[in-house]
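Thanks for coming. I will go through a few parts of one model, starting with a helix and ending with some rings.

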Amino acid sequence: MSTDPKTHEGRAAMTASGLRKSFVEHVEYTRGKSYDSASPFDRFTALALTVRDRLAKSWVETQRRYAKHDVKRAYYLSAEYLLGRALGNNLISAGLWPQAHDALKDAGLDLTTMLEMEPDAGLGNGGLGRLAACFLDSLASLDMPGMGYGIRYEFGIFTQEIINGYQVERADEWLKFGNPWEIVRPDRAVPVRFFGHVEHHQEPDGTQSARWVGGKTVLGVPWDTPIAGYGGRTVNTLRLWQARASAEFDFALFNDGDYERSVVEKNDSEVISKVLYPNDQNQAGKELRLKQEYFFVACSVADIMRRYLKNHTDFVSFPKKVALQLNDTHPAIAVAELMRVLVDEKRVPWDEAWNITQATVGYTNHTLLPEALEKWPVSLFERLLPRHLQIIFEINQRHLRHVQIRWPMNDKKMNALSLIEEGKEKQVRMAALAVVGSHSVNGVAELHSRLLKETVLKDFAEMFPERFNNKTNGVTPRRWLLACNPRLAKLITDTIGPSWPAELDRLSELEKYATDAAFVSAFREAKAANKAEFSSFLRDLMWVNVDPTAIMDVQIKRLHEYKRQLLNALHIVHLWLGARKDPASIIHPRTFVFGAKAAPGYRTAKLIIRLINGIGEVVNNESAKTGLKVCFVPNYRVSLAERIIPAADVSEQISTAGMEASGTGNMKFAMNGALTVGTLDGANIEIREKVGAENFFLFGKTAEEVEQAKAAGYSGRTVYESNAALKEVLDLIGSGFFSPEDRGLFKPLINGLLDDDRYLVLADFDGYVEAQKEVARAYTDPKRWWRSSVLNVARTGFFSSDRTIREYAKDIWGISSAPLT
């Protein structure tokens, strides 16, 4: 049988008739139903398995090629993978979309309806997890040997409902009906130890050894998901670990009738992979979070070791065959775990093991917020991971000796560079462990990487300047243009040919069409159709009528104060007040679309959601007079972003300068022709440089100006007292106008802005208002607007995650595309 994925025969036939035959067989033999009695879910599962069959051939072949050539592989460790739906993406990657459409049509079914049945795999909270998903897509599309590791959370990011304007969280049971894409590998289960104690011994050769014994053992069971590259040549693996008890239950207790105690160990073990990001505000939550992080790291390191040792008897070549990338600080314990395995289990001398570890590990930092750099109490480490604490202490002692030699008698440097933070409660600094244990430390946008070296990791950058580098984020154009915006994708393909999804730089060929009347007309028609489709979706979902010709002004991202959804809300109130006084002040109707989830324990963020909904209730009631509408779309997720982004005219990227690491939503919007209203923050800077300053609506203080304002004693109250328009907005909100049932509801938000405006919302208000006026003026000049929109698309080739992955591969991992035979 041929191994060419394009010529699969038999069960994996790639024709429409072959797909239809396989689909019917899965309905009957896998789901155990006749075709006529099959439910919609049976049919969706059968279709997914039909597609998986086609991927499986390439999946097996990919692993065979990697083993044959003993290639170096990149292993991506991430606590989050915000994958979204897989069916449509896999059909496109495998080149099966037309055949699947025809096969289902012949069977009297609709492919679009089938795609809507798939739940989002919401194993992430925001940009961190979505970036990881884009990176896996690019690795496979570039035929690069890579593999993702994470946790198979039973419950992902919560499902959000909006009830009486408030966010209400429901469990996200994404696995309620199973997941047809994954395959469990119980034969690859890994034992993971917690608690216990360390025994030290002297070996016959006189060397000292340590052995971690006792405690409790949990099993990590791997579930593999195929990650298909564009074109179907390479199918890599995402391996997610599920926690299982090493003993299902205590049979003696069960026989004695103590049924609850008989399954205590099972429940304690399996809770590890139960929920994405448990609340860590209490001791139990902290312990569970650290357990989760060590659990998936220990499983992954063991799996990497097993694979390496198939072809090697020592560890001299380990860094030549293994690149281990830490996606933020969550997997930073990998530094200590790799050392433990090398030194304690494989008997590699410390210095050699340390050289191997540093040469293998790379660390990506995703935040400039000091509070987001994880720290764990030493007491918790000592109890939960006693051997790792000893290893961290040893690493720190040796590291500080180098610091002492570099800066003699400098206690300030010693404290700043220590892996242990002194204080009332000693804590392990996980970011410091990641930096010291890696050969590469990268930020994710030019500004972010510079600020890392100047602020939160300043001392480490001074100590290890050669390790620090930038890798500006990117997004996969296969999902974020080709799949989610088929109208625009078809226009691009008809204009410049079909190769652009794999060579996004080719979008630059569209520049010459920015003033071509026929192209611009087709471009406008595609956007208009997307807006009409999304407006219809909003009507069905939220019972709200939206004018599809209005400016679609969108802010969709995690709800956090620094992202400044509150600034957007204040501007809407300002516009509405102006429209009531003078309807002519609204040059063109505008619909403001929000999508955001607030962390369950983040009260201020949840109050901002309530405010946005309160504003929407009032503004929407007068939309016929003002032309303004506000829609907070519930349960923001990947599949919802795929609907919203193609319809957007305006992309709100308004975070306080110096706060956002990069952002990737900004790239997706620009790639789909939305114009950005933004600050000089994160990747906004590079987007503006690429698309042109005239095609970007800039406002706000720079990162340097933000720091200068804070240092000078900036006060929101001073701005409020000197700005009549802003005062009118804040006074109206503070009066309870948007919360008549509780007039003091939004007082905490107003007081926060007046007394502690740490994100400079009020300082940037006037600049934001002026930028929005310019948006309205530009939109009423069609020639200007659509030229800018086309140029945004044409100049976003740089923001493909393929480019980012090539940079990681060349500069950090030392891997290349694997041979295809």
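Predicted model: local features only at pLDDT ≥ 70, side-chain atom pairs only at ≥ 80, totals over all residues.

Start with helix α29, which runs over residues 703-711. Its residues Ala703, Val706 and Ala709 are buried. Looking down the axis of α29, you find the buried residues within an arc of 125°, so they line one face of the helix. What sits on the face of α29 turned away from the buried side? That face carries the exposed residues Gln708 and Ala711. As for the buried residues of α29, what covers them includes α18, residues 446-454. After α29 comes glycine 713, with a positive phi near 85°.

Next, a single residue. Alanine 432 is located in helix α17, residues 430-436. Is alanine 432 buried or exposed? Its relative accessibility is 3%, so alanine 432 counts as buried. Leaving aside residues up to four places away in sequence, alanine 432 touches Ser418, Leu419 and Phe460. Take leucine 419: along the chain, 13 residues separate leucine 419 from alanine 432, yet their C-alpha atoms are 5.5 Å apart.

Now the second largest pocket. Its space comes to about 1,100 Å³. The lining is made of 40 residues, and Trp97, Leu115, Ala483, Cys484 and Pro486 are the ones nearest the centre. Several elements give two or more residues to this lining, among them α4 (97-106), α20 (477-483) and α22 (517-542). Which element gives the most? That is α3, with six residues. By type, the lining has 20 nonpolar, 10 polar and 10 charged residues.

Last, the aromatic rings. How many aromatic pairs does the structure hold? It holds 23. One of these pairs is tyrosine 779 with tryptophan 785, and the arrangement is edge-to-face. The ring centres are 4.9 Å apart, with 75° between the planes. Both tyrosine 779 and tryptophan 785 are buried. Elsewhere in the list, ring pairs link Tyr76, Phe135, Tyr808 and Trp813 into a cluster.

That is where I stop.

Terms used
Residues numbered from 1 in each chain as written. Heavy atoms only, no water. Buried < 20%, exposed > 50% of the residue type's maximum accessible area, 1.4 Å probe, protein only. Helix = DSSP H or I, 4+ residues; strand = E, 2+ residues; numbered from the N terminus. Arc of directions from axis to C-beta. Contact = heavy atoms within 4.5 Å. 1 Å grid on protein atoms, 1.4 Å probe; cavity = no way out; pocket = protein on both sides within 12 Å on 5 of 7 lines; lining within 4 Å. Points joined across faces, edges and corners; volume = space filled by probe spheres on them. Nonpolar A, V, L, I, M, F, W, Y, C, P; charged D, E, K, R; others polar. Phe/Tyr/Trp six-rings, centres within 6.5 Å; stacked < 30°, edge-to-face > 60°.
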